[in-house]
Amino acid sequence: MIKLFKNFRKDESGAVTVDWVVLTAAVVALAGAAYVAIEEGSEGLSENIRDSLKEITPGASSSGAGTTPEPEPEDTNDT
């Protein structure tokens with residue numbers, strides 16, 4: 001029985017598996033942290049877009065696209 005425990009202690013075949021499990025757990029944790037950071041940033045961005053879209057009046061354009069430009073007044077100063 002003692003010989004069995006000595007052989008088990010010397011055997012390193014499962015050590016590689018443990019390394020891969022730890023490495024995989026670290027990758028999953030980093031992916032989770034990245035997901036949380038991206039989610040928080042996108043929530044703020046979507047709120048800004050929503051607020052900007054609420055301020056827009058349908059049919060009106062702040063950039064002038066799609067509207068007829070008003071004619072510029074003629075300069076009446078003779079200098």
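**View 1. Val16 and its helix.** Val16 sits in helix 2, which spans residues 15-55. Helices here are DSSP runs of H or I with at least four residues, strands are runs of E with at least two, and both are numbered from the N terminus. This is a predicted model, in which local features need pLDDT of at least 70, side-chain atom pairs count only at pLDDT 80 or more, and totals for chains, interfaces and linings use all residues. Residues are numbered from 1 along each chain as its sequence is written, and side-chain values use heavy atoms, leaving out hydrogens and water. Val16 counts as partly exposed because its relative accessibility is 47%; buried means under 20% relative accessible area, exposed over 50%, and partly exposed in between (1.4 Å probe, protein chains only).

**View 2. A salt bridge between Arg50 and Asp51.** Here the two side chains meet at 3.5 Å, N to O. A salt bridge needs a side-chain nitrogen of Lys or Arg within 4 Å of a carboxyl oxygen of Asp or Glu, and by this rule the count is one. Arg50 is partly exposed because its relative accessibility is 43%, and Asp51 is partly exposed too, at 36%.

**View 3. The chain as a whole.** Of its 79 residues, 0% count as buried.
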